[in-house]
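This report describes the fold, packing and local geometry of one protein chain. Please consult the sequence and the model shown here while reading.

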Amino acid sequence: MILSARSIAATCAAGALGAALAACGGPDATHREPHAPSTIASATSATPSQPPTLAPGPAGLTPVFKNGPRARDRAVALTFDADMTADQGERAAAGERFDNPRLIATLRKFKVPATVFMTGRWADEYPREAKDIGQDPLFEIANHSYSHYAFTDDCYGLPTLPEDRMRADVERAYTAFRKAGVRDAMPYFRFPGGCYDQRSLRALSAAGVTAVQWDVVSGDAFATDADAVAQQVLDGVRSGSVVVMHCTRSAAPATERALRTIVPELRHRGFRFVKVSELIGAADGRH
């Protein structure tokens, strides 16, 4: 999860959840944004069984995608992180909701394609919802790790995975998706907190994923002002933008209401909504 400045105080008060869902950019150092298949395909090889991915980076490192081409077709991808850490089962059992069916229903109502970056732990907790999202052609499911633990040191208080467990954590998430009935999860991965470095890019190189970041932070984490979230998105979007948002009721309660402003306004401005896979396919390997 990504935090805006206005939500820092709320995040601190939220304790461990705030740390686990906190905001976290290049591979030469730890990247912190303010917040699978085993074979990598080229960006030009989009088929139903082989989604577009980017070619490996220097020295075979996992490629990183931040935004699509700044083309005149004004495409924008809304992405939603379905966050849940490996140790939050007791809170879910006590009634805390990490899902957001109303948000998914609103996307369907407005016919907005979207990419959901899901943790494996979320799929384990909400298998019927994971399967429902995964079977809807309006959406695509991508990987946000299994445990939502950090892939670098010092990533906003998140517990840190050791290097030798990073790939296994990503593969465990894909296993959770399949167990829930998600047949075609995409070969895209979003680092928890957006934090990565050369070590983590190297650790995931054999997983065949493209790491997906963003260029627009919605500021929806712990936000209660839907108008402020909507304005932050509207102020930041450009052609080819990837917007990071969240679909967890307890930690992003204003997101669904913000969408009711964001979607019609962007359409009024001439933008069209696409999935991340379309932006990656259009990138043609230039990222």
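## Aromatic pairs

The structure holds six aromatic pairs; rings of Phe, Tyr and Trp (its six-membered ring) count as a pair if their centres lie within 6.5 Å, and planes under 30 degrees apart are called stacked, over 60 edge-to-face and the rest tilted. One of them joins Phe 151 and Phe 191 in an edge-to-face arrangement, with 5.5 Å from centre to centre and 75 degrees between the planes. Phe 151 belongs to the loop between S4 and H7, and Phe 191 to the loop between strand S5 (188-189) and helix H8 (198-203), so this pair ties together parts that are 40 residues apart in sequence. Helices (H or I, at least four residues) and strands (E, at least two) are DSSP runs, numbered from the N terminus. Both Phe 151 and Phe 191 are buried, a term that stands for under 20% relative accessible area, with exposed meaning over 50% and partly exposed in between (1.4 Å probe, protein chains only).

The rings of Tyr 174 and Phe 177 are also edge-to-face, because their centres are 5.9 Å apart and their planes stand at 85 degrees. These two residues lie in helix H7, three residues apart, about one turn of the helix. Tyr 174 and Phe 177 are both buried. One aromatic cluster is formed by Phe 151, Phe 189, Phe 191 and Tyr 196.

## Basis and confidence of the model

This is a predicted model, in which local features need pLDDT of at least 70 and side-chain atom pairs count only at pLDDT 80 or more, while totals for chains, interfaces and linings use all residues. Residues are numbered from 1 along each chain as its sequence is written, and side-chain values use heavy atoms, with hydrogens and water left out.

The average pLDDT (the predictor's confidence in each residue, from 0 to 100) of the protein chain is 87, and 82% of the residues score at least 70. Over residues 4-29 the pLDDT stays under 50, and the model has 71 contacts beyond four places in sequence for this stretch; a contact means heavy atoms within 4.5 Å. Residues 35-48 likewise have a pLDDT below 50, with 40 contacts in the model beyond near neighbours in sequence.

Strand S3 (residues 114-118) is mostly covered, since five of its five residues are buried. On one side these are Ala 114, Val 116 and Met 118, and on the other Thr 115 and Phe 117, which leaves both faces covered.

S3 pairs with S2 in the parallel sense over four bridges, where pairing requires that DSSP finds at least two bridges between two strands. Within S3, Phe 117 is the bridge partner of Asp 81. S3 and S4 also pair in the parallel sense, over five bridges, and Glu 140 in S4 is the bridge partner of Thr 115.

## The loop between S4 and H7

His 148 is located in the loop between S4 and H7 and is buried, with a relative accessible area of 0%. Its side chain makes a polar contact of 3.4 Å with the side chain of Asp 83; such a contact is a pair of N or O atoms within 3.5 Å, and within protein one must be able to donate a hydrogen and the other to accept it, while residues adjacent in sequence count only if both atoms are side-chain atoms. A polar contact of 3.4 Å also joins the side chains of His 148 and His 144. The C-alpha atoms of His 148 and Pro 159, eleven residues apart along the chain, are separated by 8.6 Å.

Ser 145 lies in the loop between strand S4 (139-143) and helix H7 (163-180). Ser 145 has a positive phi of about 85 degrees although it is not a glycine, and it is buried at a relative accessible area of 0%.

## Helices H9 and H10

The buried residues of H10 are Thr 255, Glu 256, Ala 258, Leu 259, Ile 262, Val 263 and Leu 266. They pack against strand S2 (75-82), helix H4 (101-109), helix H9 (226-236), strand S8 (242-246) and strand S9 (272-274). Just after H10, Gly 270 takes a positive phi of about 95 degrees.

In H9, Ala 226, Ala 228, Val 229, Ala 230, Val 233 and Leu 234 are buried, and their cover includes strand S7 (216-217), S8 and H10. Asp 225 caps the N-terminal end of H9, with a side-chain oxygen 3.1 Å from the backbone nitrogen of Asp 227.
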